[in-house]
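This report walks through a few features of one protein chain. Please look at the sequence and the model before reading on.

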Amino acid sequence: MTHRYNIAVIGAGMAGISAATALIRAGHSVKLFDKSRGSGGRMNSKRTEVGDLDMGAQYFTARDSRFRHELKTWLDNGWVAEWAPALYAYDQNGLRSAADDQQRFVGAPRMTGLTRQLLQGLDFASQTRISHLVQHEDKHWLLVDEQQHQHGPFDRVIVATPAPQAVALLEQSPHLAHAAAQVQMQPGWALAVAFSDPLPTPVEACFVRAGALDWISRNSSKPGRTGQDSWVLQSTPEWASDHLQLDAQEITRELLAAFAEVIGCSLPEPLFTHAHRWLYARPADACNWGALAAPEKDLYVCGDWCMGGRVENAWLSGQQAANTLMEKR
C-alpha cells in the first residue's frame with residue numbers, strides 16, 4: 001500500500017463495520033461514528049429482565065461466496081450460530097407448516113453479539129450524531145456533530161446510514177444526495193412479549209401474509225437465548241404506515257390480538273412487553289447499486305438499501321465501498 005488514509009465511517013451497522021474492517025485490514029486508519037450508544041443498526045437487540053430480545057433483523061442468510069467465507073470465521077469464533085426453527089406460514093387459509101432447506105443464522109448470544117465482536121479493536125465514537133460534513137480547499141473533510149464539535153480532518157468519508165439520514169450528509173455531492181433521496185424506506189413496528197409459561201404452540205417462526213403482522217419469531221428458540229418464553233412480532237410496512245402515531249399500549253393491544261389469531265390460542269397476561277417503532281425498517285424497492293461513490297470528492301456511500309435490504313447485502317455493500325475507495329490513488 002502506497003498511501004495510508006485517515007478515513008471516517010458514519011454508521012456502525014453491518015455496512016459501516018464491513019467497510020471499516022476491510023479498510024483496516026488494508027492498513028488504513030479508520031474511525032467509526034454512530035448516533036446510538038451501541039452498534040448493529042437494525043441488527044438491534046434489547047437486554048431485559050426476561051432475556052435478550054432481537055428487535056430488528058431476525059436472522060440472516062448467506063448466498064454470496066465472499067460472505068459465506070466471512071461467515072465461516074464468525075461461526076468458528078462462536079459469534080454466530082445456525083437457527084433452524086419450526087417454520088410456519090399463515091395466510092387467509094390459516095396456519096400451516098412451511099419447512100424449507102434455507103440455512104438461517106443469528107448473532108450469538110443476541111443479534112448485536114456479532115457486531116459487538118466485529119467492533120473489537122476499532123476506533124468507535126458512539127452517541128455521536130454527525131449532522132453535516134465540511135470539505136476544505138485541501139480536500140480534507142471535517143465532521144460536525146449536533147453539538148457543533150468538529151472531528152477530523154479525514155482524507156476520505158464513507159456514509160453508512162439509512163438513505164433518508166444520508167441525504168443531509170451528502171449535500172456537498174448533489175448527485176449522491178439525489179440518489180439517496182430517491183430511496184423510500186418503509187416503517188415497521190416490532191413488539192417483544194414474554195410469558196411466564198411457554199405458549200402451547202409448535203410455532204417457532206412464521207411468515208404471516210394476512211392482517212397486521214408480517215413475521216412472528218419465538219425469540220427464546222434461538223441459540224444462546226436464555227430467560228422466559230419470549231416472542232418478537234413484526235408488523236407489515238403498510239400497517240405501520242397507518243399506525244405510526246399510536247402509543248405503545250395500543251400497538252401492544254392490536255399486535256397481540258393479531259398474534260393470538262395466527263397461532264390459534266388465547267394468550268395469558270404477558271410478563272413483559274416492549275414496542276419499538278422503526279421509521280426506516282426496510283427499503284421499499286430493490287436497488288442494485290452495490291455502493292455509491294463520488295471519487296472526486298473522496299465521498300462514498302454504502303448500506304443494505306444500496307442492494308435491496310438484508311444483512312448479507314449490507315456487508316457486501318460495505319465491502320464494495322471500501323474497495324472503490326481503495327481503487328482511487
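How many bridges join strand 10 to strand 11? The sections below begin with that pair; the model they describe is a predicted one.

## A sheet of three strands

Strand 10 and strand 11 (residues 141-145) are joined by 5 bridges and run antiparallel. Within this pair, L133 has L143 of strand 11 as its bridge partner. Both strands belong to an open sheet of 3 strands, ordered 10-11-12 and paired antiparallel.

The edges of the sheet are strand 10 (130-135) and strand 12 (150-154), each of which has a single partner strand, so one side of each lacks a neighbour in the sheet. Ignoring direction, neighbouring strands are turned by 20 degrees against each other on average.

Not counting residues up to four places away in sequence, S131 touches V144, D145, E146, A168 and L169. A57 is 74 residues from S131 along the chain, and the C-alpha atoms of the two are separated by 26 Å.

## Helix 2 against helix 8

Helix 2 (residues 65-77) and helix 8 (residues 311-327) have axes that come within 10 Å and cross at roughly 105 degrees. The two helices are therefore roughly perpendicular to each other, since angles of 65 to 115 degrees are classed that way.

On the helix 2 side the contact is made by R66, F67, E70 and W74, and on the helix 8 side by E312, W315 and L316. By type, 4 of the contact residues are nonpolar, 3 are charged and none is polar.

In soluble globular proteins, nonpolar side chains tend to be buried together. The largest nonpolar core here has 46 residues, and those with the most contacts inside it are M14, F60, W74, L114 and I158. Two or more residues each come from strand 1 (6-10), helix 1 (14-25), strand 2 (29-33), helix 2, strand 8 (105-107), helix 3 (111-118) and helix 8. Helix 8 gives the largest share, 8 residues.

What is W74 in contact with, leaving aside its neighbours within four places in sequence? The contacts of W74 are M14, F60, F67, W79, V80, L114, L118 and W315. Another core, of 28 residues, lies apart from the largest one and includes V157, L169, L299 and C306.

Note on methods. Residues numbered from 1 in each chain as written. Predicted model: local features only at pLDDT ≥ 70, side-chain atom pairs only at ≥ 80, totals over all residues. Heavy atoms only, no water. Axes fitted to C-alpha atoms, helices over the stretch in contact; angles between N-to-C directions. Helix = DSSP H or I, 4+ residues; strand = E, 2+ residues; numbered from the N terminus. Parallel < 35°, antiparallel > 145°, perpendicular 65-115°, else oblique. Contact = heavy atoms within 4.5 Å. Nonpolar A, V, L, I, M, F, W, Y, C, P; charged D, E, K, R; others polar. Pairing = 2+ DSSP bridges. Core = buried A, V, L, I, M, F, W, Y, C linked by side-chain atoms within 4.5 Å. Buried < 20%, exposed > 50% of the residue type's maximum accessible area, 1.4 Å probe, protein only.
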